[in-house]
Amino acid sequence: MILALRENTTDQPYDAVVQTILQESSLARDIKHIYTALSTDAVAHVIINDFIDLSLQIPAITAPNSSSSTGYDAALPLARTQDYYYASLVDIYGDGYEYDSYPTICPYHTLLLLEDPEEVLKNMPLDASPTLVQLAKLIHTIHARNIYVVSPEAKLVDLSALNADFRVHIPNLDLPTLLSQLSIAKPLHMIAPKDLRNQYLEAITYLVRKDLVLQLHMFLVLMSDGHPRNNSFSSSPASSPAGGQNGGGDSPASVAKRPPHEKVPKEIAELFERLIPFMDGKHHVEEIMYREAVTRRQLSLVLKYYRDSIVTVYHYYRMELKTNGLRQR
């Protein structure tokens, strides 16, 4: 309709054409309302097709060092995660302000429903909007090659009741036995028999949903003269790896000269030098592969040829994306 109105009013002034379109098209009116509201830091409330109820607002943002000691709006105290800090909108789109309350969802993430899909659908009213009030936890995609361990915060006081509920969802597995298997850090495929692989993946999904297990992530630390690079494992979210210097430590170029490149294929040596800024113990391998478009096989070859120069460390962090924002532990 908008295109047809524009074609039929080419002889009219632009402002008149706009007014005609706004009178005839509800879509045009919604677009104008949303744009006007977001441009003035207001909430845009619209009902699409008399059915989908939306309230839209851009989070309040401030320039660094403008309103608090951390450089960001004090009204947004939510913590950054590894993924959020190093894969923020600023990193992706260039210079600008960060949306400090929200993580960037990367291709290696997925959303986990907090309840079974059947339970979610059963509890929704017949006229419910397709926009759900609460999504899910934001997690890394569950896979058999991942390492899962029992969470140090797992609530296992009433294990018998928990096991009974577990058997309703995963009838072929025993919860205490599974938790015992997960007490030692091993990739899931080394724990799960091939004929029960799908059941184990379903069991991990259940345990992640209940906050009973956590995924361990691999981080890389480059050794320089037999010691970790300066600023490794720093608690402060320091500079982005693109900065070249790492908290006053060695530059990537100087460190790259020290590990031996003899007998290393040229493409692997070049990839190694490209990945050095990420070898500071702060970037897990999924993020590295995503940001540098590196396959798991390519990364494995780097670790193979430079095994005497790179230390692999396993650690966990947990993040949740809910209606109240982001929480990190």
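Tutor: Just after α10, Asp211 takes a positive phi of about 60°. Helices here are DSSP runs of H or I with at least four residues, strands are runs of E with at least two, and both are numbered from the N terminus. Keep in mind that this is a predicted model: local features need pLDDT of at least 70, side-chain atom pairs count only at pLDDT 80 or more, and totals for chains, interfaces and linings use all residues. Residues are numbered from 1 along each chain as its sequence is written, and side-chain values use heavy atoms, with hydrogens and water left out.

Student: What is the phi of Asp41, and where does Asp41 sit?

Tutor: Asp41 is not a glycine, yet has a positive phi of about 60°. Asp41 belongs to the loop between α3 and β1 (44-48). With a relative accessibility of 65%, Asp41 counts as exposed. The cut-offs are these: buried is under 20% relative accessible area, exposed is over 50%, and partly exposed lies in between, using a 1.4 Å probe and protein chains only.

Student: And what is phi near for Ala293?

Tutor: Phi of Ala293 is near 55°, a positive value in a residue other than glycine. Ala293 is in the loop between α13 and α14 (296-305), and is exposed at a relative accessible area of 67%.

Student: How do I read which side of a helix is covered? Say, which residues of α2 are buried?

Tutor: Look at the directions from the helix axis to the C-beta atoms; the arc is taken from those. In α2 (residues 14-24) the buried residues are Val17, Ile21 and Leu22. Seen down the axis of α2, they fall within an arc of 135°, so they line one face of the helix. Asp15 and Gln23, on the other side of α2, are exposed. The cover over the buried residues includes α1 (2-8) and α3 (26-39), going by contact, meaning heavy atoms within 4.5 Å.

Student: Now charges. How many salt bridges are there?

Tutor: The rule asks for a side-chain nitrogen of Lys or Arg within 4 Å of a carboxyl oxygen of Asp or Glu. By that rule there are four salt bridges. One of them joins Arg167 and Asp174, at 3.1 Å from N to O. Arg167 is partly exposed at 37% relative accessibility, and Asp174 is partly exposed at 25%.

Student: Which salt bridges sit within a helix?

Tutor: Among them is Lys266 with Glu270, whose closest N and O atoms are 2.3 Å apart. Both lie in α12 (residues 266-275), four residues apart, about one turn of the helix. Lys266 is exposed at 58% relative accessibility, while Glu270 is partly exposed at 43%. In α13, Arg291 and Glu287 are also four residues apart, about one helical turn, and their side chains meet in a salt bridge at 3.4 Å, N to O. Arg291 is partly exposed at 26% relative accessibility, but Glu287 is buried at 0%.

Student: What about Glu286: which side chain of opposite charge is nearest?

Tutor: For charge, Lys and Arg count as positive and Asp and Glu as negative; His and the chain ends are not counted. Glu286 lies in α13 (residues 285-292). Glu286 is buried yet has no salt bridge, and the nearest side chain of opposite charge, Arg296, is 4.4 Å away. Setting aside neighbours within four places in sequence, Glu286 is in contact with Tyr108, His140, Gln215, His217 and Arg296.

Student: Last one, the whole chain. How many helices and strands does it have?

Tutor: The protein chain has 14 helices and 11 strands. Buried residues make up 37% of its 329 residues. Among contacts between residues at least 6 apart in sequence, 63% join residues at least 24 apart.
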